[in-house]
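Let's take a walk through this one together. Have a look at the chains first, and then we'll go piece by piece.

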Amino acid sequence: MSSDLAIEARGLGKLYVLGERGRSPIRRNREELWALRDVAFEVERGAAMGVVGHNGAGKTTLLKILSRITAPTTGEARIRGSVGSLLEVGTGFHPELSGRDNVYLNGAILGMRRREIKAKFDEIVAFAEVERFIDTPVKRYSSGMYVRLAFAVAAHLEPDILIVDEVLAVGDASFQRKCLGKMGEVSNEGRTVVFVSHNMAAVRSLTSRALWLDHGRIAADGATGDVVTEYLASTIDEEVSGVVDLTENSSRRTVSKFTAQRVRFTSVSLLDADDRPMLAFGEGTPLRLDMRFDVREPVRFLELYVRVKSTEGQRLFTSFAGQIESTVYPGRYRSICEFPENPLRPGRYVVELVARAADPEDIVPSALVFAVEAGHLEEENMRYVTRADGIIRVRSTWSGVERDEQPASALAREPRLVGP
Amino acid sequence: MAAAVTTEKQQPTLVIRPPSGFAGLGVGDLWRFRELLLFLTWRDIKIRYKQTVLGAAWALLQPFLTMIVFTVVINHIGKVHTPIPYPLFALSTLALWYYFSNSVNLTSASLVGSAALITKVYFPRISVVLSPILAGLVDFCLAFLLVAGAMVYYGFAPPVHALLVPLFVVLAGLMALGLGLVLSALNVKYRDIRYAVPFVLQLWLWATPVAYPGSAVPAKFKLLYTLNPMTGVVEGYRWALLGTGHIRVLHLAISIGTALVLLLGGALYFSRAERAFADVI
């Protein structure tokens with residue numbers, strides 16, 4: 001084997017046995033799941049490799065094997081040089097201990113030597129911007145301070161090989177920018193990096209080569225740009241038809257007790273510019289929602305609503321078609337609701353459909369789940385703003401940063417009346 | 001986990017493979033991560049009495065209050081008499097017993113308590129089992145100050161062989177480590193351990209000559225008394241510190257033997273179970 005390889009993996013596999021453990025020794029009802037299957041790859045010394053794939057594709061399992069947290073079921077991996085793994089920021093932080101103590105403890109857990117931490121201590125604290133609170137127990141920290149300190153320790157880790165899982169999805173935007181910068185530095189210093197992320201922009205900017213895992217197997221391995229494009233494309237044709245069935249026996253249907261059911265939705269789909277049903281859209285792409293419904297008895301004052309929610313159920317916005325004053329007679333109907341402006345930031349969203357005529361007629365709380373993918377329209381300066389900062393994108397313009405000539409003290413002295 | 005570090009062209013290569021056979025306890029890794037062990041121990045000491053009003057006084061109160069209860073119940077009501085003042089008699093063995101039982105209690109819960117660490121970082125898992133045992137020594141030393149105070153109060157001069165006391169403390173620690181290795185690993189799979197351990201330790205206290213001298217044990221219980229692996233530890237410690245009672249080779253042999261078997265068996269079981277910790281915990 002060449003000594004230029006930092007990581008060499010062959011036939012790596014990980015089998016999980018699902019089902020209740022420690023119960024019956026008779027192995028019935030046991031489901032087996034290969035979280036990783038026949039994974040082979042090589043990473044050259046000093047290279048940065050991204051790992052992309054859906055949730056449950058085996059990305060974290062791969063990182064856990066490489067960082068020795070869990071053992072593989074098959075295959076082997078050879079690792080040359082010291083490994084630092086960062087599957088989470090703040091691992092081992094103890095709330096009762098001060099920031100100072102936690103820096104030492106966390107550093108030791110991540111594999112740093114005491115004198116190494118000591119040498120970098122001031123730098124870590126300055127990076128985290130928590131100088132004033134360094135002797136305060138971290139349970140008194142704001143979540144932002146906590147995350148900054150945790151990341152700062154991790155960012156000062158200097159192993160030969162750095163293994164990083166989705167840890168950039170924390171902290172505020174400016175701090176994330178700082179972290180990305182630090183990560184970039186790390187990969188430029190000749191360190192080998194393996195980086196898992198759902199943030200395609202980060203994967204693109206930090207790595208030159210990427211691995212796409214799909215159901216535990218390698219689906220693609222190559223230049224980051226190509227692999228990411230291929231991966232994003234796959235997420236779009238994933239659901240072949242893209243039309244969601246909403247009839248009686250559909251899994252989308254939940255029993256709705258308080259609806260009259262004279263009107264019933266039968267199907268819904270989101271259309272792209274060519275009227276093809278799609279479940280994934282690039283950022284900023286206009287959305288057109290095609291809904292079909294049956295009217296079973298004549299209905300007056302019919303109202304249709306389309307609601308877009310976050311996957312956590314937070315209502316983001318609602319569109320109302322207006323009341324239809326004339327009677328709608330029984331039959332099959334179709335209506336299209338268009339959103340020319342799509343302000344949604346990358347992520348998954350849920351469409352709720354409501355039909356009412358004075359009283360609710362039909363409600364489908366999660367009629368359709370669709371994805372907005374990053375990287376298509378993402379503006380350069382939005383790259384560092386995460387979902388934690390908000391999931392709606394609003395156009396904005398900024399003046400440059402100018403010197404404020406009026407002294408701040410003058411402003412403070414000016415009496416201002418607020419309210420009556 | 002089977003992981004070997006070999007040197008190839010002066011470049012350490014770590015080979016990660018599916019586990020097979022006895023992988024060892026990773027003593028080499030434990031040495032490489034020795035600073036982590038010290039940090040974990042230091043953390044255990046530092047947080048033990050955080051945000052308590054009495055702080056480290058708890059380390060003194062536990063044996064002290066138990067000693068008072070014992071003095072009333074065993075000495076005054078039960079009429080068990082000892083060659084030296086009973087409070088000093090009970091206090092000195094209680095200090096050792098609390099070290100042992102707290103160690104077993106804390107170690108058996110240690111892996112599950114560190115689940116967040118185990119699933120996110122690699123380090124020799126045995127460090128979290130070891131750290132409460134090391135940290136417990138601080139509590140023992142504090143409690144021992146109380147014992148020294150009682151000696152001054154009663155005008156008791158310890159014999160020369162009191163210098164052997166540390167040996168018995170180490171023996172108690174090793175016994176706790178052996179048990180801790182087995183129990184902590186079992187606790188990962190079967191959380192029943194968490195409920196069983198405190199209860200069993202309470203029963204064990206009464207089966208061990210902590211509150212009473214070995215000579216007070218009736219003949220029909222002698223076999224149980226002899227087989228109890230803590231008998232040798234406690235009696236030996238008391239003999240060393242207070243010069244009362246007799247140190248018996250048989251008791252001591254049973255204690256040391258049990259500790260060794262527990263350590264070996266515990267290490268074996270732990271190293272096998274260790275591979276699956278991150279998946280099962």
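Before we start, one handy rule: the expected span of a helix is 1.5 Å times one less than its number of residues. Keep in mind too that what you're looking at is a predicted model.

Now try that rule on helix H4 of chain B, which covers residues 86-113. With 28 residues at 1.5 Å a residue, H4(B) should span 40 Å, and its end C-alpha atoms sit 38 Å apart, which agrees. H4(B) is also mostly covered, with 23 of its 28 residues buried.

What does the rest of chain B look like? Of the 281 residues in chain B, 42% are buried. Take the contacts in chain B between residues at least 6 apart in sequence: 76% of them join residues at least 24 apart.

Over to chain A, where 6 strands make an open sheet in the order E5-E6-E7-E3-E8-E9, with mixed pairing. Strands E5 (83-86) and E9 (217-223) of chain A stand at the edges; each has a single partner strand, so one side of each has no neighbour in the sheet. On average, neighbouring strands here are turned by 15 degrees against each other, ignoring direction. Helix H1(A) lies across E3, E5, E6, E7 and E8 of chain A, running at about 150 degrees to E7(A).

Further along chain A, strands E15 (residues 303-310) and E16 pair in the antiparallel sense over 5 bridges. Tyr305(A) has Phe320(A) in E16(A) as its bridge partner. Is E16(A) covered or in the open? Of the 6 residues of E16(A), the number buried is 0, so this strand lies largely in the open.

Where do the chains meet? There, 35 residues of chain A are in contact with 32 residues of chain B. On chain A's side, H1 (59-66), E4 (74-80) and H2 (99-109) each supply at least two residues, and E4(A) gives the largest share, 6 residues. That side divides into 14 nonpolar, 10 polar and 11 charged residues.

Finally, a word on confidence. Chain A averages a pLDDT of 81, and 81% of its residues score at least 70. Over residues 236-240 of chain A, though, pLDDT stays under 50. Where pLDDT is low, the predicted coordinates should not be read in detail.

How values were computed
Residues numbered from 1 in each chain as written. Chains lettered and ligands numbered in written order. Predicted model: local features only at pLDDT ≥ 70, side-chain atom pairs only at ≥ 80, totals over all residues. Helix = DSSP H or I, 4+ residues; strand = E, 2+ residues; numbered from the N terminus. Buried ≥ 20, exposed ≤ 12 C-beta atoms within 10 Å, placed from the backbone. Contact = placed C-beta atoms within 7 Å. Pairing = 2+ DSSP bridges. pLDDT = per-residue confidence, 0-100. Nonpolar A, V, L, I, M, F, W, Y, C, P; charged D, E, K, R; others polar. Axes fitted to C-alpha atoms, helices over the stretch in contact; angles between N-to-C directions.
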